[in-house]
Amino acid sequence: MSTTVPTTTGSPSRRRSTPVDSGLGWLDDRLGVAKGGRIFMDKIFPDHWSFLLGEIALYSFVVLLATGVFLTLYFVPSAAQTVYHGVYKPLDGVKMSEAYASSVNISFAVRSGLVIRQMHHWAADVFIGSIAVHMCRIFFTGAFRKPRELNWIVGVSLLFLAIVNGFLGYSLPDDLISGTGIRIAYSILLSIPLVGSYLATLVFGGVFPGNGSIIPRFFILHVLILPAIIAGLIGAHLFMLVRQKHTQFPGHGRTEDNVVGSPMFPTFMAKTTGFLFMVTGVLWALGGLAQINPIWQFGPYVPYKISYAVQPDWYMGWLDGAMRIMPSWEFAGFGHTIPFMIFLPGVLFPGLTSILFIFWPFIEQKLTGDRAEHHLLDRPRDRPRRTAVGAAFLAFYFMLFCASSTDVLANFFQVSLNVVLWTFRFIVFIVPIIVGLFTYRICLDMTGASHVGKRKRAVLIVRSATGAYTTVDTEARPGDGHHELEPMLVPGFIEGLDGDGAEGGEPGVRRVVRRP
Amino acid sequence: MSDVTTDEPGDREPGGLAEEQAPSAPLPLASFDDPHLQPLAKQPGRAEGVVGILLVVGLLGFAAYGAVYWVGGQPQVEGISLGVGLFSFGFGLSAWGKYLLPQGPFMEKRHKLASSDDERAAMAAAIVERGGMMVKRRSFLGGILGIGGAVMGVVLAFPLLRSLGPVPAKTFDVTNWHKGSRLVDNLGRPVHVADLEVGGSLTVFPEGYTSEEAMAVDQTILIRIAGPDVEVVTEPSRATWGPDGYLAFSKVCTHAGCPVGLFQHQTLQLLCPCHQSLFNVGQGRPATNVFGPAPRPLPQLPLYVDDAGFLRSQAGYDQPIGPGFWERTTT
Amino acid sequence: MRTVRKTLHIRYLLPAAVVVAVGVGGLLTSLSAGASTRSRTPSGANAIAAPTPPIRYVGTFTPAQVHEGQVLFEANCSSCHGTQAEGSALAPDLQGLGPATVDFWVSTGRMPLADASVQATRKPARFDNQQATAISAYVASLAPTAPGFPSGIPYVDTKASSLSMGNRLFVLNCAACHTITGAGDALADGAYAPSLHVATSTQVAEAVRTGPGNMPVFGPGTLSNAQVADIVAYVTGPIQHPNDRGGIGLGGIGPVAEGFVALLIGVGGIMLIAFWLGERA
């Protein structure tokens, strides 16, 4: 409070006072925002493209919130039975829940309703997909190491909450396919030893399908409770990110003690706002052009009806795949039954997965003994063991995902379903081992090679009169130059911009300066 | 409490972000001609034109969407118009940021997040010592506080958990099939022995139970694999359960509870569409689970034909139907 | 202005043109799909069907038809099934199966069989409708149709059918194997339920009534003629011409295809944008 920040020669007094000065002054008198605000505008965001992956998730979430609010205006979260007499004629006169009827109405009778409903669904798929990709980046570059273990845990929690909320949302329309998914979820709850039957009847408000209580319950979880938790955790995620500052890849002028990149305002602001628009544009276009979950073709859920080729959304696929390839083990004795064939893949496996993910930073610390702070990222090839383990894990979950479509694969490739299932029972374990070993080998080879990962300068291949080929280095490409400049602190004041009359626009926009 | 001083060392100003900027550092100054402040684009004028076009395309996309909406809407036109509009608009803005704004590289310094040892000690002392003052010689009060909190937690769980639904009791062990229940289809029509052809299948329920909850539990798949007067014996103890070529099994899969709605009449198998559990049915084949994750055969419903020729159940299921659970005793 | 004109460069226009072309193409596809749904005659494929009964079983044939069928049968079928369709070690006895059974197998191209060891597949039929009817007529003339099999080739009139009843019956009886969109799927041990997207109304009714292969038989005690006509109306209507109001239908196989689109086009496409927007080193 007592210390004033000294300014250099480009003092504020030289600037003409603008409405911004007076408005900011009013706010600063009351909240004291100027200093912290300016520091925040100087916040540096590394420019590497892989740092934008988390933003895909963030902006998908923004789209989810906006489209979700729209959908709640028309969706009726009720299992009460009604008879449909709407636009879609093949269902005319069919008895269905109000949830299903209103979902069909959103698709046919509400203007832009179908695009927004589909956009919501695509955004959910992309949300979880981009979380996974973002998490891969964090994992393979070692960004979860001290001091960022807590943020890793928050991120993993977000992944699993997003998956749960995706499943809840998928269940809400109460169509034939989603109802089947709820039935399976009920069986999974039921399978838990000791408390399973109590959990099942409590969560469902009775024996399945639960006297109409499950749709309203899923609804409030899906639209209020889980989104609130997710939004809060995203807030914590970003707060920790700002507090700890970004990691960065090693490179020219980048050290453990600085962050190099673009300042929050205006460069990053313009880029990221544009990115938000582009993500929204892609999702909106998908929503209008690519059909997803056409519930009107499925009909309402009826507990004794079933369609073949039922799969959950992709992010649940690894669980469904695990359920399919699980051998038929069930323990029965001492007056009790433990249905391992469903408890193991449905409860224990995802539980262990989440525990393993959450504790990975500490497991790695234990294994490597590395407890130092790290702000510079690893190149994946420099950590062959971690990279191999990560690749093997990815392969494992990808194989499980593929196993969730055994019937579709069998049909597509015209092979026996039994053969496909047995194949998966083996390759789910074999493929990850091969992938892991292969990755390890590649990493070792890359570590030995020179120039890997360096920015390549274009060369010109010239053929001489005698037919010999020689390569000539070309001039630096645009943008190459600034990588060789020493990074500078974000200037507090820009001299020569204001007051000398000739310029007066944004720096450098109108003046063409050739790079050396 | 405010009298308890905790010996705060140093005189660093409190606050979050401001604290990180070293107070003595002067704000850096840059010349307008500094290469750090130049745009990335080689020809900024050209880039400016591209950005302008992109923003205009975005604007046109927005307008097109508005027009489509106004005239009644069409999902694909809505998708392409606003999709292209948003994308182009964002593309322009991003390109503006990427090519026309100062590209640096800029940097900020990273400061140690951890507090000094003294500050840590002070905080720990505040917790331990002040907390110690609170309960010193008053552990009795602390005990009451703890017990009260625990009781409160348990009591609050009543409405939060117990109100959610009934306790299961024996609900998982029973269905509405009883001795003499007449088999009806989903519309309540009783099934006559002449109704199904050999190779036919039908989903049936006990007459009189039409709620969704009842039908979810009671659903039974009735198949016919032989003509009249053929008694289908799936296993010796079930000699009379399959009259006139008829067999009935619970339609709830013993794996995850999906309806086993898929009857292959040539190979005499029932297949669950969800996780592909396969059950053999027929003479000497009591819905044996032969493939996939299902751990048990489907329970069989004993049938008989009444005097009027309608199918009825001799008794209910002899075991709980559907997937396993902790309290399930029959195997 | 000067700079704006200069920047109209093909490099930037090309991606935009592709995007617009894809969009217009998708739009036209969906519009034409909608148009074809609308232009379908409600009476289905068979103009000869009488208006009153939902299904007319034609089981009496002219001697000319029987004769034509005999010639075709002896040339194409008798080597396995025998000249009197009495069956052999290679192929089953066809006597008494009725004309509908024979017509289904022949008109869908499943017979004559290419490879006797696997499940017969639908393929381009070797015989036209008239020839298939003639073969059926010949086989039917050899022995009276056994009980449980339809007495004639079913011709379906869906004028009075209910699509919504068809939907309910389809979901209850057919979707478990053929899937809710009629795409078909694999069954146990190499068998499969075929796609319904190319079946004619007569073939659907024949399959329901005769239960070819592993398919269950739905006799008149299970489904009335009117109900079969409802199912036929639903299959030849919304199943074969689905209302893909939401855009490209992605093959009607649900979340697997959707997941790939979300990950490759959604996440992958946006990652490409990020790759452009950010630095690469």
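**View 1. Chain C on its own.** Chain C of this predicted model has eleven helices and four strands. Helices (H or I, at least four residues) and strands (E, at least two) are DSSP runs, numbered from the N terminus. Buried residues make up 48% of the 281 residues in chain C. Buried means under 20% relative accessible area, exposed over 50%, partly exposed in between (1.4 Å probe, protein chains only). Contact means heavy atoms within 4.5 Å.

**View 2. Chain A against chain B.** Here 128 residues of chain A are in contact with 110 residues of chain B. The two chains bury about 10,800 Å² between them, 63% of it on carbon and sulfur atoms. Buried area is the accessible area (1.4 Å probe) that two parts lose on being put together, summed over both. On the chain A side, A:Arg111, A:Tyr304 and A:Met488 lose the most area to chain B, together 7% of what that side buries.

View 3. B:Arg296 forms a salt bridge with A:Glu330, and their closest N and O atoms are 2.7 Å apart. A salt bridge is a side-chain nitrogen of Lys or Arg within 4 Å of a carboxyl oxygen of Asp or Glu. There are also 37 residue pairs in polar contact (both at pLDDT 80 or more) across the interface of chain A and chain B. A polar contact is a pair of N or O atoms within 3.5 Å; within protein, one must be able to donate a hydrogen and the other to accept it, and residues adjacent in sequence count only if both atoms are side-chain atoms. Helix H10 (residues 264-289) of chain A gives the most to the side of chain A that touches chain B, with 16 residues.

View 4. Strand S4 (residues 258-263) of chain A and strand S2 (residues 106-109) of chain B run antiparallel, joined by four bridges. Two strands pair if DSSP finds at least two bridges between them. The bridge partner of A:Val259 in S2(B) is B:Glu108.

**View 5. Chain B against chain C.** This contact takes 39 residues from chain B and 38 residues from chain C. The area buried between them is about 3,300 Å², of which carbon and sulfur atoms give 61%. The rule finds zero salt bridges between chain B and chain C. It counts twelve residue pairs in polar contact there (both at pLDDT 80 or more). The largest share of the side of chain B that touches chain C comes from H2(B), with eleven residues.

**View 6. Around B:Ser313.** B:Ser313 lies in strand S12 (residues 311-313) of chain B. B:Ser313 is buried, with a relative accessible area of 0%. Its contacts include B:Trp177, B:His178, B:Leu301 and B:Tyr304, not counting residues up to four places away in sequence.

**Notes.** Residues are numbered from 1 along each chain as its sequence is written, and chains are lettered from A and ligands numbered from 1 in the order in which they are written. In this predicted model local features need pLDDT of at least 70, side-chain atom pairs count only at pLDDT 80 or more, and totals for chains, interfaces and linings use all residues, while side-chain values use heavy atoms, with hydrogens and water left out.
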